[in-house]
2 protein chains.
Amino acid sequence: MEALPPDQQPINLIGGGLAGSLMAVYLAQKGFRVNVYERRADMRQQLLDGGRSINLALSERGIHALREVGLEEEIMEIAIPMYGRMMHAVDGSLTFQAYSKDQQTCIYSVSRAELNARMMNLSESLKLVDFFFEQRAEDIDFESGEVYLKDLATNRSYKAPGRVSIACDGAFSAVRYAMQKTPRFNLEQAYLDHGYKELSIPAGPDNRFQLEPNALHIWPRGSFMMIALPNLDGTFTCTLFLPFEGEWGFDALKTPDRVHLFFETFFPDALPLMPHLLDDFFNNPTGSLVTIRCYPWAKKDRILLMGDASHAIVPFFGQGMNAGFEDCSILNKYIDQHAPDWGKVFDEFQQDRKPNAEAIADMALENFIEMRDTVADPEFLLRKKVMHHLARHIPEFQSRYEWVSFSTIPYAEAYRRGQINDQIIDTLLDGISSLEEIDLQQAETLVKEMFAL
Amino acid sequence: MEALPPDQQPINLIGGGLAGSLMAVYLAQKGFRVNVYERRADMRQQLLDGGRSINLALSERGIHALREVGLEEEIMEIAIPMYGRMMHAVDGSLTFQAYSKDQQTCIYSVSRAELNARMMNLSESLKLVDFFFEQRAEDIDFESGEVYLKDLATNRSYKAPGRVSIACDGAFSAVRYAMQKTPRFNLEQAYLDHGYKELSIPAGPDNRFQLEPNALHIWPRGSFMMIALPNLDGTFTCTLFLPFEGEWGFDALKTPDRVHLFFETFFPDALPLMPHLLDDFFNNPTGSLVTIRCYPWAKKDRILLMGDASHAIVPFFGQGMNAGFEDCSILNKYIDQHAPDWGKVFDEFQQDRKPNAEAIADMALENFIEMRDTVADPEFLLRKKVMHHLARHIPEFQSRYEWVSFSTIPYAEAYRRGQINDQIIDTLLDGISSLEEIDLQQAETLVKEMFAL
């Protein structure tokens, strides 16, 4: 039927964003031909035009995948290390919380566009990968695996040549919308009552950073918060997370005066650094925050959903991209083991990965509470202090944040270990009310017992 | 802009099934013009052709709504009372469990098609209602409320005239699929691992019923079950609920021999009554069982989802249609109060109805376990016996089944009362292991205390 023997047919990658571009590299390095169909225009063009700086937190899971394809060094050139959280109180006082007792362990702020562009360039340089832009997935025959696309420039519809497709088309995946109507496809899309708005802090004189660059800045305010990550050009991209409704919700911040008052009241130290605040606030869209859970991710040996298409999460653990990159690494492992038996590749991938996707989705939601409430609850603050205390003094103790951000143990295992940490802290706090009363000897014994070290 | 003043514009009802037809009656009786757009052909034609008998359990909530529109008597003509469950053991022995201590309290087996047809006839007779068949909802502008439809006979697309639309288009609602892509629409679609297959028991000589007609028959078998409801023509419609996978799952029942063996093994008393078993089994489709939860149901004063479109549930409490009819009754109440302020009508409806939809969805899933497992767990059986014992001997005690099926208290309240019943039974069973040891005096005091009677 086909001009090419089955194993030489191109693999369709639907979506050329972060996960799609990286997966294209993995596949091409194995010798597969890959056609990447991306709905948007080539974002490398936009990059040349100087688009807005939007950055992401890259941590060990993502770096591990970049290392596997040989991109680590190149990406590290554009990565800004962040060694901890810089908490901004309303009175302007700063508190630095290192991510790890080892001051060298860090996450990185990376430009989404730069990262995407470099992966696209690498995959194209491998010759086996072709990118097709402004191509929208229109329909899929889940029996035959046929994918129908529309060229948005010419309005022409056509059938993609390959019969194995991997959908990396994001939280609002067109492939998933089609799969949703097939029998027994389970799906949940759950929005937070909070939205987000991107704002900016420009560079100071001589392109100097106006805040400490090697930290992730957080302004926790109970029911809302702002964060800021550094960019290479000396700017910071801020993200304000705010309820849609209520006195200080997006729906009530409709006038410049009101927005100014809001920042004056809650972010007085940031306000003088944000000369474009009102322009940013009223010109940038208000984003929503969704968690997507679905299953199964695969249709036989035909189609696989991966990355945000299969498990979009809220951004509060900084793991969306890292989880997508880890997907690529793990899918690559199963391709090594089972290709060209794509049915087996896809099935083992989804069985391996689904519980981990659930775990990071849950942890990201929990972290939202943790990040915004850090100021509020004394009991919660004491627990946090105890955790940092244990992390500092007991070599075997690691926080859940460290398991998630600085290791590649499965997310579900990180979740489990975090629960054990909580039990340990419960036990240590039983009957006492301050950090000083903690018995470190007891703590070390407990840690060793509970983790059966 | 419009030929008619706003309050004389027709209301669009998307979907002319059970909920849609009944809602059309309610609206027309208030003097609203109604256009009903139904994707399928006129099912009254099919009825004349002698379609398969598919029946549903009608209980108080549904009857209450039919009573409100004056249809109770006409529907009772085609309703077969079922006073309890007739349990069929593997050895063929029968156990009858009345639904209520009052032997007159019953649910009814009603033909879905007859019921639908009679509501359509009534609404058309009111002159204000027009049914348009083979019209598919294609797109909706949720800002303007404009609804675009396609005439499937002519392939012509057009815009419906009204600006207020009520979507009653079922579990796979096209309107909900469109609404799903609007901002912050929460959705869950969750399938059971079980499917269902409709089978039949024909009438005996002289069109006599071959099983007791005034009962809902159940063959509980642990991980699966069969039920049967009577039809007016002396037949029974059976529904087999079975896992898709496993030794005795649908996926493994692929040959006539295997299906015969399955029935011989598990339903030996039913097998001789089912001469068309193999034809039914291999010709009828295997259905899936989905729970749909979503929110919000309304877009401003423009569009409302109701019935299965907003809260499809599994059939194990016999409440799908009843919940849809109760939706109509409650929406009617808010129309009385607030129309033509449709924004307020829709918002009060969804706030009132959402917790009740959640409650019946949960109870229907719980009832699945209860119905299929009735044979298995001795502790569970003892609890059931205690419940029946209390219901018989304590006038103030009512089972959750009774609150759901024989009252119109909100589903969420029925759920809460069921939880109190469970606590009462827990307390009574504490330290004892047989029905005889129950202290009825203590039980009565407990019931009065817990329900603060």
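The model is predicted. Helix α3 of chain A covers residues 60-68. Its buried residues are Arg61(A), Gly62(A), Ile63(A), Ala65(A) and Leu66(A). An α-helix has 3.6 residues a turn, so residues three or four places apart point the same way.

Helix α10 of chain A runs over residues 320-338 and holds Ile335(A). Is Ile335(A) buried or exposed? The relative accessibility of Ile335(A) is 3%, so this residue counts as buried; the cut-off for buried is under 20%. What does Ile335(A) touch, leaving aside its neighbours within four places in sequence? The contacts are Met23(A), Leu27(A), Lys30(A), Phe32(A), Trp342(A) and Val345(A). Glu348(A) is 13 residues from Ile335(A) along the chain. The C-alpha atoms of these two residues are separated by 9.9 Å.

**Chain A as a whole**

Chain A has 15 helices and 19 strands. Its radius of gyration is 23 Å, close to the 22 Å that the globule rule gives for 453 residues, so chain A is as compact as a globular protein of that length. The C-alpha trace spans about 75 × 55 × 40 Å along its principal axes.

Other totals for the chain follow.

| Property of chain A | Value |
|---|---|
| Buried share of the 453 residues | 56% |
| Share of contacts joining residues at least 24 apart, among those at least 6 apart in sequence | 70% |

Charge comes next. Chain A carries 43 positive and 65 negative charges.

Two copies of a chain are related by a rotation about an axis and a shift along it. Here, a rotation of 180 degrees superposes chain A on chain B, with 0.0 Å of shift along the axis. The RMSD is 0.0 Å. That is the relation of a two-fold axis. The same surface serves both copies: 100% of the contact residues of chain A recur in chain B. Which residue of chain A comes closest to the rotation axis? That residue is Glu188(A), with its C-alpha at 2.1 Å.

Notes: Residues are numbered from 1 along each chain as its sequence is written. Chains are lettered from A and ligands numbered from 1 in the order in which they are written. This is a predicted model: local features need pLDDT of at least 70, side-chain atom pairs count only at pLDDT 80 or more; totals for chains, interfaces and linings use all residues. Side-chain values use heavy atoms; hydrogens and water are left out. Helices (H or I, at least four residues) and strands (E, at least two) are DSSP runs, numbered from the N terminus. The radius of gyration is taken over C-alpha atoms; the globule rule is 2.2 Å times the number of residues to the power 0.38. Buried means under 20% relative accessible area, exposed over 50%, partly exposed in between (1.4 Å probe, protein chains only). Contact means heavy atoms within 4.5 Å. Lys and Arg count as positive and Asp and Glu as negative; His and the chain ends are not counted. The place of a charge is taken as NZ of Lys, CZ of Arg, CG of Asp or CD of Glu. Copies are superposed by least squares on the C-alpha atoms of residues with pLDDT of at least 70 in both.
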